[in-house]
Amino acid sequence: MTTQKAGQQAGVGIALALTTAMCWGALPIAMKQVLTDMEPYTVVWYRFLIAGIGLLFILGPRRQLPPLRVFFRWRWLLLLLVATGGLLGNFILFSSSLQYLSPTASQVIGQLSPVGMMLASVFILKERMRITQVIGAIMLISGLVMFFNTSLIEIFTRLTDYTLGVILGVCASVVWVCYGVAQKVMLRRLASQQILFLLYVLCTIALTTLTKPLAVLHLSGWQVACLLFCGANTLIGYGALAEAMARWQAAQVSAIVTLTPLFTLFFSDLLSLLWPDYFAAPTLNVVGYIGAFVVVAGAMFSAAGHRWWPGRAKSRPALPVEPRGK
């Protein structure tokens with residue numbers, strides 16, 4: 001590949017990764033509008049349904065649907081079940097946390113997922129831990145303490161709604177690690193879009209008996225638009241991510257996607273100024289804002305620090321894994 005083509009591919013990769021970060025940054029803000037009148041299970045069910053149908057129309061004409069033989073091998077079936085449970089649990093717990101937390105707080109807590117994935121990769125997949133990952137994890141934890149500086153006493157001493165939201169957000173990040181590890185193994189045989197299609201279908205089926213699809217009839221036109229946006233967001237965000245991974249290095253893509261909480265913070269502040277009746281501004285002090293940036297910097301350094309500090313971060317290459325989704 002020539003230098004010019006490599007530069008073009010990198011430029012497209014950056015644009016696609018930024019698209020993913022912006023999609024995921026806007027997602028919890030839109031979900032917050034719907035969750036006032038619809039249960040998290042139903043919101044998540046619609047998200048999986050819309051994204052699954054979208055992928056069917058994308059993969060079907062190309063004859064790229066996943067082969068059915070994966071269901072007849074017990075090892076792959078077990079991986080599918082673990083990945084399905086992890087992704088489903090992450091989506092539901094994340095949606096539930098939004099009932100008690102601001103979109104920005106939920107996204108910031110979600111950055112714990114890379115730390116969990118790092119530990120799982122070391123202890124389960126036997127990968128070598130890089131010093132940059134350790135530094136990034138320390139930065140991330142420090143940033144979380146700064147972000148929640150006004151609520152630390154409440155979180156650790158009383159079981160309030162806010163504390164419950166934080167617990168649900170942490171659990172969402174922990175459960176996502178199960179999906180991340182399983183997906184990392186399945187990527188050896190299947191493309192990311194094929195894996196996602198299987199998971200969307202299985203998650204939709206698993207939730208069908210728990211949901212109330214007719215609740216959509218009680219939503220306002222604005223809420224229906226937000227719900228459709230959430231479904232399309234799931235499809236577009238992951239689609240852009242897969243294309244970015246195909247055109248650019250996984251570490252750089254992951255680093256850009258860690259900007260998601262900052263996009264949530266920016267969109268929240270902007271929308272609260274434009275439409276204060278619909279959107280609430282984040283209640284953060286200066287330390288909290290700085291903490292959000294430190295969290296993102298820590299996640300970014302953990303994901304791509306070895307590219308900037310190669311002499312200190314040598315390890316055997318690891319299989320890429322998509323950054324956390326919601």
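## Secondary structure

The protein has 13 helices and 0 strands, where helices (H or I, at least four residues) and strands (E, at least two) are DSSP runs numbered from the N terminus. This is a predicted model, in which local features need pLDDT of at least 70 and side-chain atom pairs count only at pLDDT 80 or more, while totals for chains, interfaces and linings use all residues. Residues are numbered from 1 along each chain as its sequence is written, and side-chain values use heavy atoms, with hydrogens and water left out.

## Burial and contacts

Of the 326 residues in the protein, 53% are buried, meaning under 20% relative accessible area with a 1.4 Å probe and protein chains only (over 50% is exposed, and in between is partly exposed). A contact means heavy atoms within 4.5 Å. Among contacts with a separation of 6 or more, 85% join residues 24 or more positions apart.

## Nonpolar cores

A nonpolar core is a set of buried Ala, Val, Leu, Ile, Met, Phe, Trp, Tyr and Cys residues joined through side-chain atoms within 4.5 Å. The largest one has 66 residues, and M38, F48, L87, Y179, Y200, Y238 and V253 touch the most other members. Helices that each supply at least two residues of this core include α1 (3-34), α5 (112-123) and α10 (221-247). The largest share, 10 residues, comes from α3.

Leaving aside residues up to four places away in sequence, V253 touches A17, L241, A244, M245 and W248. A second, separate core has 20 residues, including M118, L144, I155 and L265.

## Helices α3 and α8

The axes of α3 (residues 74-97) and α8 (residues 161-186) come within 7 Å and cross at roughly 155°. Axes are lines fitted to C-alpha atoms, for helices over the stretch in contact, and angles run from 0 to 180 degrees between N-to-C directions. The two helices are therefore roughly antiparallel (over 145 degrees; under 35 is roughly parallel, 65 to 115 roughly perpendicular and the rest oblique).

The crossing of α3 and α8 is left-handed, which is the term used if the near helix is turned anticlockwise from the far one by less than a right angle; clockwise is right-handed. The contact of α3 with α8 has 18 nonpolar, 9 polar and 1 charged residues. Here Ala, Val, Leu, Ile, Met, Phe, Trp, Tyr, Cys and Pro count as nonpolar, Asp, Glu, Lys and Arg as charged, and the others, Gly among them, as polar.

## Helices α2 and α9

Helices α2 and α9 have axes 8 Å apart and pack at about 140°, so α2 is oblique to α9. Their crossing is left-handed. Residues in the contact include F48 of α2 and Y200 of α9. This contact has 14 nonpolar, 4 polar and no charged residues.
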